[in-house]
Amino acid sequence: GIQRSVEEPSALAHCRSSGRLHSHKIRAPHMAAVFLAAAVLPSVQRAARRASTARLLAFTSDMKPQHLNSPNNPRLKLAKRLHARRQREKTGLILLEGQRLIADALDAGLSADFVLVSDEQLRDGALDRLLARVPAEIAASTTAPLFRDVSDTTTPAGVLALFQKPILTLPPSPSLVLVCDSISDPGNLGTLLRASAAAGVDGCLLMAGCADPWGPKALRAGMGAQFRVPMMQVDSWAGAAASLVEWGCAIRAADAGGTSAHYDCDWRDASALVVGSEAHGISREVLADPRVHSCSIPMAGDLESLNAAVAGAIVLHEAQRQRMTGAVPR
């Protein structure tokens, strides 16, 4: 009979490109075999990927990271010094603890300079997948007591890493900006950054008096937000306001005595939200600036205020809601 040529199914085109098929055309009488192969191929690929991962993890498990057994080891001493802000600023290094935070940094394209694992975690094999992502020569292990001495947490996660502090650049014309006014609590600052990342904030201005966003507590509270939200230090409100005016932002401050509810404000155009510390609220110089409009979050009962991070998150997500839906404030 007449043999007709038909185009390859896409799955078989993959086979051909990998060397399994050599003909660009498939003959019609063999179509049953063709589609059977196309149906089977995905499961074969999945099995191959699992086998490849297993081989990689097996190799990782067999590796013997250098064992550090002296508290005077230079790398252990360096990691411990990074608990202090001055040392982080001096060296340009940050200390990350826990699998998730380290994986977030790697996912963001950062490269670790040093990875330390406790002997307990190494024996359990719990960190094999993470260790497979870093060069073997930068990994080391140590005893549980020495690891606890280097760790910043009461109950260490068993793995920490040193990274160069990333520098994220704000876009030329950010449309949603968070201004942190003397947020001195690292947990609140990290939570605000996390809320900012979730709400699509383009950048964060950190005024004098703010905690270090790269400190261990702020990093844990941020859950990787520091790798996603560009930040800029500003010495004063005058410097922050100058940037906001240049970007064309309407400036609003979250304040319990605000004249408008946060959901009555129009956040759809370029906007900036100023959040103050729990202890002192918004700075006087900010509230005295005629370019700043204060807004408040309506609350039931006789509560006076909310946690700074909670308040900031509520307002930022109202801004996100308006921008996503195009809703006009009432």
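**View 1. G109, with a positive phi near 95°, follows helix α5.** The model is a predicted one, in which local features need pLDDT of at least 70 and side-chain atom pairs count only at pLDDT 80 or more, while totals for chains, interfaces and linings use all residues. Residues are numbered from 1 along each chain as its sequence is written, and side-chain values use heavy atoms, with hydrogens and water left out. Helix α5 spans residues 99-107, and its buried residues are L101, I102, A103, D104, A105 and L106. Buried here means under 20% relative accessible area, exposed means over 50%, and partly exposed lies in between (1.4 Å probe, protein chains only). Helices (H or I, at least four residues) and strands (E, at least two) are DSSP runs, numbered from the N terminus.

**View 2. An open sheet is formed by seven strands, in the order β10-β9-β8-β13-β11-β14-β12.** The pairing in this sheet is parallel. Its edge strands, β10 and β12, each pair on one side only. Two strands pair if DSSP finds at least two bridges between them. For context, the protein has 13 helices and 14 strands in its secondary structure.

**View 3. Strand β14 (residues 292-296) is mostly covered.** Four of the five residues of β14 are buried. In a regular strand the side chains alternate between the two faces of the sheet. Strand β11 (residues 250-254) runs parallel to β14 and is joined to it by four bridges. Within this pairing, R252 has H293 of β14 as its bridge partner, and A254 has C295. Strand β12 (residues 260-261) also runs parallel to β14, and two bridges join these strands. There, the bridge partner of A261 is S296 of β14.

**View 4. The largest pocket holds about 400 Å³ of space.** Its lining consists of 21 residues, and A254, D255, A256, S305 and L306 lie nearest its centre. Two or more lining residues come from each of β13 (271-276), β14 and α13 (308-325). Helix α13 gives the most to this lining, with three residues. By class, the lining has twelve nonpolar, six polar and three charged residues. Ala, Val, Leu, Ile, Met, Phe, Trp, Tyr, Cys and Pro count as nonpolar, Asp, Glu, Lys and Arg as charged, and the others, Gly among them, as polar. A pocket is an open set of points, on a 1 Å grid over the protein atoms alone, where a 1.4 Å probe fits and protein lies on both sides within 12 Å along at least five of seven lines; lining residues have an atom within 4 Å of a point. Grid points are joined across faces, edges and corners, and the volume is the space filled by probe spheres set on them.

View 5. Of its 17 lining residues, K165, W214, M231, M232 and Q233 are the closest to the centre. The elements that give two or more residues to this lining are α4 (85-91) and β10 (231-233). Strand β10 gives the most, with three residues. The lining divides into eleven nonpolar, two polar and four charged residues.

**View 6. N188 sits in helix α9 (residues 186-199).** N188 counts as buried because its relative accessibility is 12%. Leaving aside residues up to four places away in sequence, N188 touches I183, E278, N307, A308 and A309.

**View 7. G200 lies in the loop between α9 and β9 (203-206).** G200 counts as partly exposed because its relative accessibility is 43%. L176 is 24 residues from G200 along the chain, and the C-alpha atoms of the two are separated by 7.7 Å.

**View 8. Of the 330 residues of the protein, 44% count as buried.** The accessible surface comes to about 17100 Å², of which 53% belongs to carbon and sulfur atoms. Accessible areas come from the Shrake-Rupley method with a 1.4 Å probe, and for residues only the protein chains shown count as cover. Among contacts with a separation of 6 or more, 77% are between residues 24 or more positions apart.

Methods:
Contact = heavy atoms within 4.5 Å.
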